[in-house]
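Hi,

Here is the structure I said I would pass on. Have a look at it first, and my notes follow below.

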Amino acid sequence: MSEQQYVARSTRVAARMVGDEMMIMSGRDSTLFVLNGTAALLWDAADGVTPLEEIVARQICAKFDVEPSTALQDAAEVVEQLAGHGILRLSNAPIAGGA
């Protein structure tokens, strides 16, 4: 990833932690998403001002035995998929009112 990527939670969702999974309902079409523990860590840290690379280093690599480049690539794929469903917002600059 050559430039910083910032990620923020959408304001058009309802989200609740159930056990170790995050349940998210899209306000766009009422689709229900279930995030596993790792994806839930990304969701929780998606404040719009912390670069994805820093979130991965602090939240994923610090908790799991994974190479930073692999973790960042996987995280980028997850956040892009969620952004495609309107669950997260992505930007190359900090996102005002991100969290």
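This is a predicted model: local features need pLDDT of at least 70, side-chain atom pairs count only at pLDDT 80 or more; totals for chains, interfaces and linings use all residues.

Helix H2 covers residues 52-61, and its buried residues are Leu52, Ile55, Val56 and Ile60. Looking down the axis of H2, these buried residues fall within an arc of 100°, so they line one face of the helix.

Now for the protein as a whole. You'll find three helices and six strands in it, and along the sequence they come in the pattern β-β-β-β-α-β-α-α-β. Of its 99 residues, 35% count as buried. If you take the contacts between residues at least 6 apart in sequence, 55% of them join residues at least 24 apart.

On overall dimensions, the C-alpha trace spans about 35 × 30 × 20 Å along its principal axes. A compact globule with 99 residues would have a radius of gyration near 13 Å, and the protein has 13 Å, so the two agree.

Then there's the outside. The protein exposes about 5,800 Å², with carbon and sulfur atoms supplying 49% of that. One spot to look at is a nonpolar surface patch formed by Met25, Leu32 and Val34, which together have about 260 Å² of accessible area. Leu32, one of the three, sits in strand E4, which runs over residues 32-35.

Cheers

Technical notes. Residues are numbered from 1 along each chain as its sequence is written. Side-chain values use heavy atoms; hydrogens and water are left out. Patches are made of residues with over 30% relative accessible area and no salt bridge: like charges are joined within 9 Å, nonpolar side chains (Val, Leu, Ile, Met, Phe, Trp, Tyr) within 5 Å. Accessible areas come from the Shrake-Rupley method with a 1.4 Å probe; for residues, only the protein chains shown count as cover. A salt bridge is a side-chain nitrogen of Lys or Arg within 4 Å of a carboxyl oxygen of Asp or Glu. Helices (H or I, at least four residues) and strands (E, at least two) are DSSP runs, numbered from the N terminus. Buried means under 20% relative accessible area, exposed over 50%, partly exposed in between (1.4 Å probe, protein chains only). The arc is that of the directions from the helix axis to the C-beta atoms. The radius of gyration is taken over C-alpha atoms; the globule rule is 2.2 Å times the number of residues to the power 0.38. Contact means heavy atoms within 4.5 Å.
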